[in-house]
Amino acid sequence: MEEYAFLPPIIASAFYLVASVRLFRLYRRTSERPELLLSVTFAFAGVYYFAYNASSLFGLDPWSLRTEWMLEWVYISSVFPYMIFIRTVFRPDGAWAGALVAICSAFLLVSTGMGTIEGEIVYSLENTWFLVQWVGYTAPCVWMCWEATLARLGAQKRARLGLAQPIVVNRYLLLMLFAAFQVLACVSDLSLAHDMTSTRTISMISNGLLGGTEIASVVVLWLAFFPPPFYANWIERRAATIPTAVGG
Amino acid sequence: MATTLFDIAAERLGESSAMDRLAARGTLRLALKQAGLDANNLTILQLRAVFERLMPRELEARGVTNPTASCKVAMDAIESAARETGWEASSSPDEIFKRLGGN
């Protein structure tokens with residue numbers, strides 16, 4: 001099983017890149033910031049997941065330290081537009097949201113910068129920079145989960161007045177689930193760091209948690225951004241017959 | 001001076017229902033909360049739904065006589081004032097998420 005651990009991130013990377021292209025094409029039509037920000041987020045995430053696992057996929061030697069650090073920068077580059085997306089969509093006027101974006105950005109830049117200067121990638125609970133970076137990329141996922149939950153509660157009320165479509169209400173639920181899976185993936189990073197600290201090997205639990213959350217994330221994003229007709233029809237029918245179940 | 005659609009709506013609601021400024025704003029806020037709407041990001045369509053379906057009950061509970069007629073007068077005044085001030089709706093999360101899924 002362990003030799004196939006790279007498969008879920010490779011599948012996720014393919015999905016992120018396809019979603020990124022679709023959102024960029026949408027941006028070309030609408031010129032609206034949210035689609036551009038999500039497109040850039042998914043592009044960086046897709047490149048990171050693919051590049052990080054490409055050596056396993058193609059049976060190459062492990063990446064050099066320099067390449068690994070470049071990939072770390074690619075990864076944190078996906079977090080900045082993600083945070084700006086959350087702020088733009090849910091808290092455009094919130095000063096605290098701007099401060100949160102600034103704090104998380106500082107955490108990411110300082111931790112990755114210091115790690116690059118020190119020249120070692122240490123996935124360890126004893127490495128302060130690893131923990132600072134972890135907070136920097138986990139906080140936006142928790143924030144997104146919270147905002148999507150609030151947005152869904154409000155949208156359910158609006159839907160009862162005919163002011164929101166059930167499919168949009170359901171999209172908030174899917175986004176909430178996506179963010180929750182991302183939080184779990186972040187927790188699996190801690191589990192991985194714990195493994196590296198104690199046994200120097202990655203356990204099946206860490207691998208399974210990481211792979212499972214990536215696949216689950218892809219499934220909910222697929223339903224959100226590429227809703228198949230049968231799914232959209234099911235949501236609409238369900239909302240019409242059970243008004244209390246608007247949006248799943 | 002009214003600057004947002006919420007301000008315009010609260011002002012017109014106060015005029016049509018003879019409520020003071022604070023009471024009108026509070027009543028409107030409560031109705032918006034019930035409808036799951038953000039006071040800072042309203043559209044005319046949303047306000048119309050609130051004034052037709054929720055506000056009459058709210059006004060009745062506050063002893064306003066003829067609440068349905070008050071709501072209609074307020075809504076007409078809101079639409080007219082919004083047109084005069086050239087007020088435009090900003091992009092709400094619902095609209096964004098509708099677009100993102102290709103609807």
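**Close-up views of a predicted two-chain model**

**View 1. The largest nonpolar core has 69 residues.** Within this core, the residues with the most contacts are A:Tyr172, A:Leu175, A:Met176 and A:Ala179. Helix H6 of chain A supplies the largest share of the core, 15 residues.

**View 2. A:Ala179 and the residues it touches.** A:Ala179 is among the residues with the most contacts inside the largest core. Residues up to four places away in sequence are left out of this view. What remains is contact with A:Cys141, A:Met144, A:Cys145 and A:Ala148.

**View 3. H6(A) packs with H7(A).** H6(A) covers residues 166-198, and H7(A) covers residues 204-225. Two numbers describe such a pair: the angle between the axes and the distance between them. Here the angle is about 165°, and the axes are 8 Å apart. Angles over 145 degrees count as roughly antiparallel, so H6(A) and H7(A) are roughly antiparallel to each other. The crossing of H6(A) past H7(A) is left-handed.

**View 4. A:Ser20 sits in helix H1 of chain A.** This helix spans residues 7-30. Is A:Ser20 buried or exposed? A residue is buried if 20 or more other C-beta atoms lie within 10 Å of its own. A:Ser20 has 20 such neighbours inside 10 Å, so A:Ser20 counts as buried. Contacts of A:Ser20 beyond four places in sequence are with A:Ser39, A:Phe42, A:Ala43 and A:Gly46. Take A:Phe42, which is 22 residues from A:Ser20 along the chain. The C-alpha atoms of A:Ser20 and A:Phe42 are separated by 5.2 Å.

**View 5. Chain B meets chain A.** The contact takes 27 residues from chain A and 18 residues from chain B. On the chain B side, three helices each supply at least two residues: H2 (21-35), H3 (44-53) and H6 (93-100). Which helix gives the most to this side? H6(B) does, with seven residues. By class, the side of chain B that touches chain A has seven nonpolar, seven polar and four charged residues.

Terms used: Residues numbered from 1 in each chain as written. Chains lettered and ligands numbered in written order. Predicted model: local features only at pLDDT ≥ 70, side-chain atom pairs only at ≥ 80, totals over all residues. Axes fitted to C-alpha atoms, helices over the stretch in contact; angles between N-to-C directions. Helix = DSSP H or I, 4+ residues; strand = E, 2+ residues; numbered from the N terminus. Parallel < 35°, antiparallel > 145°, perpendicular 65-115°, else oblique. Left-handed = near helix turned anticlockwise from the far one by under 90°. Core = buried A, V, L, I, M, F, W, Y, C linked by C-beta atoms within 7 Å. Buried ≥ 20, exposed ≤ 12 C-beta atoms within 10 Å, placed from the backbone. Contact = placed C-beta atoms within 7 Å. Nonpolar A, V, L, I, M, F, W, Y, C, P; charged D, E, K, R; others polar.
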